[in-house]
Amino acid sequence: NFDTGFVRSMNPAARIFTIHEAMNPVFFQNDWRVSDADTLLYVGSLVGHKGLDVLLEALQLVVQRRPKAMLRVIGGGDQNSARDLCTRLQITGHVEFLGFQSADQIARHHLDSQIFVLPSRNDNSPNTLAEAMVTGMPVMATAVGGIPSMVKHNETGLLFPPGDPTHLTKVILQLLEHPEKRARLGGNACRVARERHLPERVASQTMDAYHEILKLEAARRD
């Protein structure tokens, strides 16, 4: 919807084909399971609009209720500001910076974590969110940009407002304290995402779109 709205604003008559991203097959090979670990996972570049600072502020509050809570941070970029914030918030021992990771490595971290969190201030259709859903992780993400088109609140994940660490804390605690809800959301996400992002399906949709474009062009020339 985010992409479509932008295109419509530029050209109301545009013919739009909605085709989701194909995910790496490695994410289809694993099945996430509930555990009693209080482990959160963030995957994304370490840039301001991704909202990692908001997640770190929320983690400080989460730790007060769940002292064993840990956050794994995967992504390239300058870690200095995030590490400095961890020091100020006194949560250094609760955050593990893993840097850039391959698809295989990320898939393994999916299985070792209990919640995927994407706190972006703005975003389009983030692949990292789709990857976690394909694995079957319970996901939570901000209701910005194209994310609400990927996650149906309280069915295939949880949506929360951007820039609000207090609200994010409540959502994280809600899932950590209710494993049955993690299982339900993860299972729903997996079923939807494995159909939506299946490489063979995406390839077929792409070919269909090109065939239609060619037919329209041929008709225009005639």
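Does His109 count as buried or exposed, and at what relative accessibility? In this predicted model, His109 has a relative accessibility of 16%, below the 20% limit, and therefore counts as buried. His109 lies in helix 4, which spans residues 103-111. The side chain of His109 makes a polar contact of 3.2 Å with that of Gln101. Apart from neighbours within four places in sequence, the residues in contact with His109 are Leu41, Arg72, Ile74, Leu98 and Gln101.

The interior may be considered next. In soluble globular proteins, nonpolar side chains tend to be buried together. Here the largest nonpolar core has 33 residues, and those with the most contacts inside it are Leu52, Leu56, Leu71, Val95, Met140 and Leu168. Two or more residues each are given to this core by strand 1, helix 2 (52-65), strand 2 (70-74), helix 3, strand 3, strand 4, strand 6 and helix 7 (165-176). Helix 2 provides the largest share, eight residues. The surroundings of Leu71 illustrate this packing: not counting residues up to four places away in sequence, Leu71 touches residues including Leu40, Leu41, Tyr42, Leu52, Leu55, Leu56, Leu59 and Val95, together with His94 and Glu96. A second, separate core of 27 residues includes Trp32, Leu41, Met133 and Leu159.

Met133 is also one of the buried residues of helix 5. This helix, residues 127-135, is mostly covered, with eight of its nine residues buried. Helix 5 is followed by Gly136, which has a positive phi near 100 degrees.

Positive phi values also occur in residues other than glycine. Gln90, with phi near 60 degrees, is found in the loop between helix 3 (80-89) and strand 3 (95-99). Gln90 is exposed, with a relative accessible area of 70%. Asn154 has a phi near 70 degrees and is placed in the loop between helix 6 and strand 6 (158-160). At 32% relative accessibility, Asn154 counts as partly exposed.

Arg194 is partly exposed at 21% relative accessible area, and Asp31 is partly exposed at 43%.

A salt bridge of 2.9 Å, N to O, connects the side chains of Lys50 and Asp123. Lys50 lies in the loop between strand 1 and helix 2, and Asp123 in the loop between strand 4 and helix 5, so the pair ties together parts 73 residues apart in sequence. Both Lys50 and Asp123 are buried.

Within helix 9 (residues 199-221), Glu217 and Arg221 are separated by about one helical turn, because they are four residues apart. Their side chains meet in a salt bridge of 3.1 Å, N to O. Glu217 counts as partly exposed at 27% relative accessibility, whereas Arg221 counts as exposed at 65%. Salt bridges with shared partners join Glu217, Arg220 and Arg221 into one network.

Nonpolar residues are also found on the surface, where Phe6, Val7 and Met10 form a patch with about 330 Å² of accessible area together. Val7 lies in helix 1 (residues 2-10) and is partly exposed, with a relative accessible area of 34%.

Notes. Residues numbered from 1 in each chain as written. Predicted model: local features only at pLDDT ≥ 70, side-chain atom pairs only at ≥ 80, totals over all residues. Heavy atoms only, no water. Patch = residues over 30% accessible without salt bridge, like charges linked within 9 Å, V, L, I, M, F, W, Y side chains within 5 Å. Areas by Shrake-Rupley, 256 points an atom, 1.4 Å probe, with all protein chains shown as cover. Salt bridge = Lys/Arg side-chain N within 4 Å of Asp/Glu carboxyl O. Buried < 20%, exposed > 50% of the residue type's maximum accessible area, 1.4 Å probe, protein only. Polar contact = N/O pair within 3.5 Å; in protein donor to acceptor, adjacent residues only side chain to side chain. Contact = heavy atoms within 4.5 Å. Core = buried A, V, L, I, M, F, W, Y, C linked by side-chain atoms within 4.5 Å.
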